[in-house]
Amino acid sequence: MSRRLALALAAVLCCAVVAAGRAAAGDLLRPPSGNVFFGVTDTGKIEDFRAFASSVGKHPAVIQTFHPWGNNLHYAIPRWGEAQARPMLHISTIDDQTGAEIITPRGIAQGTSDDYLIRLNSSFATRQIRAYIRPLGEPNRCLNAWASFTCSGSSRGPAYTTYWYKQAFRRIAIVLRGGGTLAEIDARLGRLGLPRLDRKAKDGAEPDALPEAPVAMVWSPLPGGSPANRQNRPLHFWPGGRWVDWVGTDIYSRYPVWRTLKRFYRIRKFRRKPLALTEWGVSAGDDPKFVKKIFSFVRHHKRTKMLVYYQDFGASNAYRIQNYPRSRRVLARNLRQQRFPALPPNPPAPPAPQVPTDPSQPPAPPTGGTGG
């Protein structure tokens with residue numbers, strides 16, 4: 001065997017091993033056969049998670065946390081452990097305190113903030129936290145800062161094109177999944193025309209390798225688009241099956257776009273991917289018929305393997321299921337089915353019990369470590 005052929009075979013074998021590892025991680029995050037994961041969004045308070053679970057008579061298997069770019073997981077990781085629910089991390093580009101934009105899709109793709117992605121990879125890999133990663137959800141919703149088009153249908157600008165959105169998604173997937181030496185990670189980025197890994201932390205040094213993290217990437221546009229014009233349709237934002245483990249989308253009782261949702265489900269590009277309703281909710285008055293349709297959709301569309309109820313903040317918000325007694329009863333009745341498990345396999349580890357400390361000493365840092 002020639003040296004050139006041996007090197008080529010070795011490269012193919014290496015790629016196959018990495019691909020197999022990614023496939024196994026993706027399969028690991030699907031529910032057991034015949035099951036569907038039910039989840040709820042995270043308000044940052046474990047009390048809200050428990051109150052929701054009590055109100056619907058089912059412990060959610062998934063908890064979706066919304067974080068801005070660069071945010072750490074100091075408080076989220078212990079909360080996920082307390083909830084005993086598998087996390088879905090939605091990553092936005094807007095500071096949730098000031099409303100200021102932190103980074104553009106082009107900035108992400110060009111590696112101007114790789115340190116954040118490296119920290120996330122380390123957090124999930126070293127703790128072996130099985131997690132869904134949902135970056136820049138609803139990219140075809142004009143109200144989102146990372147959207148490609150404004151609500152009038154015009155381009156938001158060259159840093160927000162569908163090309164840069166797709167390249168940003170791919171970079172996030174490559175770095176968060178990890179599973180390679182620095183040279184291998186750089187090669188994966190290079191094949192997409194993306195810059196090498198560029199850590200800009202205080203130490204300024206790229207890691208020698210990135211560990212393989214047990215994460216699954218969730219791509220989640222609106223099923224039609226807002227505005228609903230041709231250039232804003234979901235497929236313009238499709239990053240490719242290699243970088244997507246789950247396909248997600250959102251639907252609310254205020255905008256019950258059932259025909260559009262069913263058309264989205266049938267798109268051939270991703271017909272082999274499991275589907276998640278990454279956000280759904282009652283938001284325009286008590287609507288038990290809408291909840292019934294949600295579960296009818298799940299029954300008749302077998303690739304639907306997750307549905308995450310969106311609850312907002314405060315007791316009076318428009319999405320709080322406890323404020324809609326008829327909808328809540330329909331939801332609770334449907335969740336009694338065995339197909340909706342109360343716990344995911346291998347839930348996050350609960351936080352270590354707090355040890356009483358000397359009150360004269362400074363407080364200990366929050367549990368959950370120092371990872372991103």
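Is C142 buried or exposed, and what is its relative accessible area? In this predicted model, C142 is buried, with a relative accessible area of 8%, where buried means under 20% relative accessible area, exposed over 50% and partly exposed in between, as computed with a 1.4 Å probe on protein chains only. Residues are numbered from 1 along each chain as its sequence is written, and side-chain values rest on heavy atoms, with hydrogens and water left out. Because the model is predicted, local features need pLDDT of at least 70 and side-chain atom pairs count only at pLDDT 80 or more, whereas totals for chains, interfaces and linings use all residues.

C142 is joined to C151 in a disulfide (a pair of cysteine sulfur atoms within 2.5 Å), with the two sulfur atoms 2.0 Å apart. The link of C142 and C151 is right-handed, with 85° about the S-S bond, and C151 is partly exposed at a relative accessible area of 45%. By this rule the count comes to 1 disulfide.

Helices (H or I, at least four residues) and strands (E, at least two) are DSSP runs, numbered from the N terminus. Helix α5, residues 114–127, has 14 residues and reaches 20 Å from its first C-alpha to its last, close to the 20 Å expected when 1.5 Å is multiplied by one less than the number of residues. Of the 14 residues of α5, 10 are buried, among them Y116, L117, I118 and F124, and the helix is followed by Q128, whose phi is positive, near 55°.

N35, in the loop between α1 (3–28) and β1 (37–41), counts as buried at 15% relative accessibility. Leaving aside residues up to four places away in sequence, N35 touches K305, Q338, R339 and P341, contact meaning heavy atoms within 4.5 Å.
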